[in-house]
Structure formats: structure tokens, C-alpha cells
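Thanks for coming. I will go through one model this morning, chain by chain and then contact by contact. Please have a look at it first.

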Number of protein chains: 2
Amino acid sequence: MLKEERQNIILEEIVNNNKVHSNTLSKKLNVSEDTIRRDLKELSEIGHIKKVHGGAMANPTVPAAIISQKISDQKEHLIIAQKALSSLVDHKVIIMEGDESNLILASILPPDFSATIFTNSLKVATRLFEFPNIETFMLGGKISHRSPITSGLEVMDALADIHADICLLEATSLHVDIGLTDGDRERAQIKKKIINHSSNVIAMCLSRRTGSIKPFKVEGLEKITSLITELNEDDAQLSSFINKGIRIV
Amino acid sequence: MLKEERQNIILEEIVNNNKVHSNTLSKKLNVSEDTIRRDLKELSEIGHIKKVHGGAMANPTVPAAIISQKISDQKEHLIIAQKALSSLVDHKVIIMEGDESNLILASILPPDFSATIFTNSLKVATRLFEFPNIETFMLGGKISHRSPITSGLEVMDALADIHADICLLEATSLHVDIGLTDGDRERAQIKKKIINHSSNVIAMCLSRRTGSIKPFKVEGLEKITSLITELNEDDAQLSSFINKGIRIV
DNA sequence: GTTTTAATTGCCGTTTAGTGCATATTTATA
DNA sequence: TATAAATATGCACTAAACGGCAATTAAAAC
């Protein structure tokens with residue numbers, strides 16, 4: 001059995017029973033307790049479950065749907081989120097757009113992290129609620145039927161009055177020549193506005209999404225300060241971005 | 001059983017009964033009283049409960065996040081939510097304020113329910129996201145550290161442009177003479193504004209919260225169209241409200 | 001298809017966490 | 001104040017966690 005398969009089973013069990021025991025899992029999956037322990041450690045690093053003595057439990061604030069997402073996707077976002085975290089400093093104004101890498105990022109922030117954070121994601125906002133030193137602002141608006149994210153005029157209006165030190169964008173498409181594009185018109189507009197109201201622009205993009213082009217233009221590459229993918233900085237796939245002067249993290 | 005699991009059970013029991021005894025817990029959970037005592041010590045160090053001789057009691061300053069998990073109240077909220085549901089009709093504009101009964105209500109809506117719903121609760125909005133025929137609008141703003149609810153100027157501004165057919169308010173205090181009051185100033189203002197932007201005002205209130213008065217006035221009883229509690233309409237406790245002309249559901 | 005490389009896993013010795021028990025001390029209250 | 005119950009403390013035992021290492025297995029490169 002593959003590790004990934006096993007970890008998905010573990011997540012499934014946590015969603016169903018709210019908890020797992022290392023020793024029973026070990027027997028059930030025919031691996032040593034050490035392996036289970038390593039699995040639980042990895043899974044808990046993503047932030048949706050909590051490792052405890054003897055097993056693991058679901059994080060009470062995380063909905064089942066999030067926990068049971070395929071582990072392979074979560075891991076890629078975790079790598080991105082970890083890099084993003086190292087780019088953040090305390091006491092700044094941050095805009096977090098979207099709910100993929102940003103959700104994981106919100107899960108791995110140090111408990112005493114201090115900042116003012118704006119977000120259009122219900123999931124991210126719910127997560128940030130737990131942090132006593134973070135001032136969270138939900139950007140209000142109509143909730144899309146595609147993902148639990150606000151968009152529309154209200155978000156645009158709210159952004160008009162904001163300036164952030166740094167914004168963290170989920171890039172669904174990033175092309176070396178065309179720049180940042182999006183499949184949703186409203187979301188493209190929102191991203192554009194966020195970029196123009198932030199001193200630093202960090203695009204978080206899965207490597208398989210680089211190179212693609214979506215119908216709605218956000219901004220050209222020159223507006224992007226840094227690009228974070230799950231790849232190493234020196235990966236050949238990213239050299240064209242480096243040539244354009246983008247900082248790779 | 002995992003330690004955390006056991007402590008969750010203890011917390012739950014304290015939240016429900018306001019107190020626990022070490023010796024009964026010891027029998028119930030099949031561990032020594034020493035272990036229970038250590039659990040209570042740990043929980044009290046975190047600050048959620050207060051250790052007393054012979055057991056522990058609920059801490060008066062328990063964070064809202066924990067209170068909201070009250071199991072016993074869930075039943076009462078369900079009764080309220082069911083009544084509220086019967087008051088709703090399709091294709092209306094609804095404001096749902098707060099996340100107790102409204103969250104349950106959002107969970108029991110028929111899957112094809114059609115409406116435009118505004119809410120200041122992250123939980124409610126997240127739940128409503130699942131409904132294909134509901135247009136959900138999240139009222140943006142600063143997220144309170146007490147519960148995952150937006151408040152502040154942005155909410156007020158957003159409300160200014162809205163008129164609803166019906167609003168569903170979580171009433172934390174409802175007094176026959178004083179009317180609706182709230183313990184939080186901003187939230188009181190928001191409720192007031194919601195009331196004045198709705199054709200029908202439904203107050204959802206646990207019976208034990210009727211009669212109490214909180215520091216910040218929302219509106220007098222005359223602004224309330226209907227009152228929903230978990231009690232029967234003809235319960236004696238509610239007669240004083242009937243005398244004031246409130247419709248009891 | 002084979003070789004090379006990297007990831008995964010199990011094992012082992014050591015360390016730590018959790019639990020129960022014995023005993024001394026404190027607390028509630030009759 | 002007497003007395004029974006509850007608590008604190010120290011100790012011992014067990015199960016789990018940790019870190020390093022070697023063997024195995026999967027993935028990548030050739």
C-alpha cells in the first residue's frame with residue numbers, strides 16, 4: 001500500500017470517528033506504529049488534525065470536507081504555505097486572497113502571530129478567528145457558488161479603502177509573457193485591485209498551473225514581486241520567470 | 001481512550017451541567033480520580049474551567065467558541081430553528097444575524113430552498129454556500145474575537161443599502177418592558193439597523209434568556225414582529241409577551 | 001530494461017508522557 | 001474541633017515518542 005493511500009484512509013477515519021489510535025491503525029493497515037506515527041506527524045503539519053499522545057484527533061474548528069481533501073494536494077499547498085510564512089513578518093497588513101494555499105498558511109501560523117489580515121475566503125477567516133493577535137477583516141460580498149469566497153462590488157469597494165504591506169494571491173494561471181490571468185471575471189478584477197493596493201505581491205501557484213492562460217487578465221508579470229511554487233527555486237521550469245526578474249521563493 | 005478525548009468529554013459535561021464531580025467522572029470514564037484531577041488541573045490552567053474542591057465548575061469567562069458547542073442547547077436551538085423555518089417562504093430577502101439558532105436553521109433548510117440571504121456569521125455563510133438556489137451575501141467587517149461574526153462600520157454601511165422581507169435575530173436578552181438588549185455595543189447597533197431595514201422582525205430567544213437585560217439597548221418590544229422560543233406558544237412564561245401584542249411562534 | 005537515486009519503512013536504544021498507587025497534607029463541614 | 005473526603009507529592013510501571021541507522025522499496029534517470 002502506498003503512503004498516500006494510507007494517509008487518505010487515516011484522514012477518512014478521523015473524519016468519521018473524530019479520532020484515531022496509533023496502535024489500532026498499525027494493525028489495521030499492517031504497518032509498524034512508527035510508520036503510523038510518522039503519518040500522523042505529517043498530516044498534523046498541514047494543520048487540519050492534531051497529533052496527540054497515542055493517536056490523533058480532528059481539529060474541532062476544521063470542517064470534515066477540508067480534512068478529507070486528497071493528501072497529495074494538501075502537501076503541495078503546505079510547501080507553498082511554508083515558504084509564504086517565511087516571507088511574512090509580524091505586525092503587518094496582509095491581504096489573503098483565495099482559500100487553497102492561504103488556508104494551509106492560516107493553519108500553520110504561529111499561535112501568537114500578530115497582524116491585520118483581510119481575506120475574501122470564509123474558510124481562511126474562520127481559521128484566523130482562532131488567533132488572538134490577528135485582526136481579521138472579512139471582505140464582504142456575494143458568495144460565489146463555485147467556492148466559499150466573496151466577490152462582487154462590495155469587495156471592490158472595501159478594497160478601495162485598504163492598503164496592504166503584502167498580498168498573497170492564489171494564482172490559478174501564470175504565464176511568462178501574459179502574466180496573471182483568471183477564469184472568473186469578478187475574481188480577476190478583485191485580484192487586480194488587490195495587487196494595486198499592496199506594496200508587495202506574492203503569487204502562490206502550483207507548478208502545473210504555470211504556463212496556462214485563462215480568459216481574464218489580472219496584471220502583467222511586472223506587477224508580481226515574488227512567485228512561490230512547490231518546486232525548488234533552482235528548478236528548470238522556473239528559469240523563464242527568473243529571467244523576467246521575478247523573485248522565486 | 002485518548003487523554004484529549006477524555007478532556008473533551010469533561011469540558012462538554014461542564015458546559016452542559018456547569019459542574020463536574022471528580023468521583024463520578026472517575027467511574028464514568030474508567031480512570032482513577034488522580035487522573036481526573038490532573039485533567040481538571042490542566043483544563044483549568046488553560047483557563048476554560050475553574051477547579052473547585054471535589055471537581056470543577058464552568059469558568060464565567062469561557063470563550064464563546066466553547067460555549068457555542070453546548071450540546072444541551074442544540075436541542076433547544078433545533079426547536080427554534082424548526083419554528084423559524086415554518087415562518088419562511090421561498091424567494092424572499094432574509095437577514096440572518098448571529099450563529100446559534102441561525103446556524104441550525106441553515107442546516108435544516110430544504111436543499112432547493114430559494115432566497116437571498118444576508119448574514120454576519122461566518123458559520124452560517126459557510127453552511128449556506130451549499131445551497132444552489134440561495135444567493136448568500138456575507139456582511140463584511142472586522143471579525144470579533146468572541147465569536148466568528150463580523151461587526152463594525154463595514155457591516156453598518158452594507159446594511160444601509162439593504163432592505164429585507166424578514167430578519168432572524170439571535171436575542172441574547174429580551175425583556176417585556178425594556179425590549180431587546182445586547183452585551184456588545186457594536187452588535188446592538190447592528191441588530192438595531194437590521195431591525196430598521198426589515199419588514200418583519202423575528203427574535204429567536206432561549207426561554208431562559210427572556211427577562212434578562214444587557215447593557216446596550218437595541219430596540220423596544222414594539223419593533224419585534226414575532227418571538228420564537230423553544231417553549232410552546234401557550235406556555236405561561238410567554239403570556240406577558242402576548243399581552244404586549246407579540247406574536248409567539 | 002537496468003541502474004541510480006531518493007523515499008519509505010522497520011528496528012533499536014533512549015527519553016518522555018500518562019497513569020495508578022501509597023502516603024502525607026489540606027479542606028469542607030457537621 | 002473532629003473526621004471523612006479530597007488533594008498534593010513522590011515513585012514505579014507501561015506505553016508512546018524520538019532520533020539514528022540500515023534495509024527495503026518506489027521512482028527517476030539512463
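How many helices and strands are there in chain A? Chain A has ten helices and 15 strands. Keep in mind throughout that this is a predicted model.

Let me stay with chain A for its overall dimensions. Its C-alpha atoms fill a box of roughly 55 × 40 × 35 Å along the principal axes.

Next, the contact between the two protein chains. On one side there are 25 residues of chain A, and on the other 23 residues of chain B. On the chain B side, the elements that give two or more residues are α1 (3-17), α7 (122-128), β6 (134-138), β7 (141-143) and α8. Of these, β6(B) gives the most, with four residues. By class, that side of chain B has eleven nonpolar, six polar and six charged residues.

Which strand of chain A does β6(B) pair with? The partner is β7 of chain A, residues 141-143, and the pairing is antiparallel, over two bridges. If you want to find the place on screen, look for Lys142(A), whose bridge partner in β6(B) is Phe137(B).

Now a helix pair within chain B. α8(B), residues 153-160, packs against α9(B), residues 185-196, at an angle of about 5°, and the axes are 10 Å apart. The two helices are therefore roughly parallel to each other. From α8(B), the residues in the contact are Val155(B), Met156(B) and Leu159(B). They meet Gln189(B), Ile190(B), Lys193(B) and Ile194(B) of α9(B). That makes five nonpolar residues, one polar and one charged.

Which residues are around DNA strand C? From chain A they are Lys3(A), Val31(A), Ser32(A), Asp34(A), Thr35(A) and His53(A). From chain B they are Lys3(B), Val31(B), Ser32(B), Asp34(B), Thr35(B) and His53(B). Helix α3 (33-46) of chain A and α3 (33-46) of chain B each supply at least two residues of this surface. The surface near DNA strand C divides into two nonpolar, six polar and four charged residues.

DNA strand D is surrounded by 13 residues, and the closest are Ser22(A), Asn23(A), Gly54(A), Ser22(B) and Gly54(B). Two or more residues each come from α2 (22-29) and α3 of chain A, and from α2 (22-29) and α3 of chain B. The largest share, three residues, comes from α3(A). As for class, the surface near DNA strand D has eight polar and five charged residues, and no nonpolar ones.

That is what I have for today.

Terms used: Residues numbered from 1 in each chain as written. Chains lettered and ligands numbered in written order. Predicted model: local features only at pLDDT ≥ 70, side-chain atom pairs only at ≥ 80, totals over all residues. Axes fitted to C-alpha atoms, helices over the stretch in contact; angles between N-to-C directions. Parallel < 35°, antiparallel > 145°, perpendicular 65-115°, else oblique. Contact = placed C-beta atoms within 7 Å. Nonpolar A, V, L, I, M, F, W, Y, C, P; charged D, E, K, R; others polar. Near = placed C-beta within 6 Å. Pairing = 2+ DSSP bridges.
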